[in-house]
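I opened this notebook to record, entry by entry, what I looked up in the model, keeping the cut-offs beside the terms they belong to.

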Amino acid sequence: MIDLELKNSIQALLFAWAEPILIEELSKYFEITMLETVSLLNEIKSDFNDSGIRLTINGNLVSLSTNPKYGEVIKGFGKTVVKKRISDANMETLSIIAYMQPTTKSVVDNIRGVKSDVAIQNLINRGLIKEVGRLKAPGKPFVYETTEMFLKIFNIESLCDLPPLMDREEIKEKLQFTEISQDDIELIEKENYEEKEED
């Protein structure tokens, strides 16, 4: 390959892979020396000067990322898109979790009057809520809370900034459910996420 084709191929691979790659792996894959690989990477890095994309070399790892200079532009667009794409059912579910957290699906279902499995999974996929553990109770249901992404998307610094609704104690009394404390939750280890299933 000529240098230009090699440079374009490396750029394409880094963009498509979307995760840091060992420089040694690039060298082996393209059958060029480490010195040639580093030289090409430095050229690519130089090509990206003053652009919205940058090439980052961290030790023996290389990756493509957005230029921090344009971070606010990306965040602003992301907030707009996420808000527009949240359905009424998802927003309703998100609101309940935000105000009642930490909480379980059964509480959400009880308040909504319908099953919330799909809505909850959609919110997890969007990074707006997370499973923080299992309730120490029969069936060990998952316990949900909102995420930092939720705060950023809705432009609030903390949950204290949420608009006031019906008194929480009144809601608990009407729905007859018990407050969940941190002692009631068995925390989930990240490495076990893929093994768990919704009860």
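In which helix is the place of Arg112? I found Arg112 in helix 6, residues 105-112, where helices are DSSP runs of H or I with at least four residues, strands are runs of E with at least two, and both are numbered from the N terminus.

Before going on, I noted that this is a predicted model, in which local features need pLDDT of at least 70 and side-chain atom pairs count only at pLDDT 80 or more, while totals for chains, interfaces and linings use all residues. Residues are numbered from 1 along each chain as its sequence is written, and side-chain values use heavy atoms, with hydrogens and water left out.

**Entry on Arg112.** I read a relative accessibility of 19% for Arg112, which therefore counts as buried (buried is under 20% relative accessible area, exposed over 50%, partly exposed in between, with a 1.4 Å probe and protein chains only). Leaving aside neighbours within four places in sequence, I listed Ala89, Glu92, Thr93, Ile96 and Ala119 as the contacts of Arg112, a contact being heavy atoms within 4.5 Å.

**Entry on helix 3.** I looked up helix 3 (residues 34-47) and found 14 residues reaching 20 Å from the first C-alpha to the last, close to the 20 Å expected, where the expected span is 1.5 Å times one less than the number of residues. Its buried residues are Thr37, Leu40, Leu41 and Ile44. Seen down the axis of helix 3, these buried residues fall within an arc of 100°, so they line one face of the helix; the arc is taken over the directions from the helix axis to the C-beta atoms. I then noted that they pack against helix 1 (3-17), helix 2 (23-29), strand 2 (53-58) and strand 3 (61-66).

I traced three strands forming an open sheet in the order 1-3-2, with antiparallel pairing (two strands pair if DSSP finds at least two bridges between them). Strand 1 (21-22) and strand 2 stand at the edges with a single partner strand each, so one side of each lacks a neighbour in the sheet. Six bridges join strand 2 to strand 3, and Leu64 in strand 3 is the bridge partner of Leu55. Helix 3 packs on this sheet, touching strand 2 and strand 3, and its direction makes about 145° with that of strand 2, with axes fitted as lines to C-alpha atoms, for helices over the stretch in contact, and angles running from 0 to 180 degrees between N-to-C directions.
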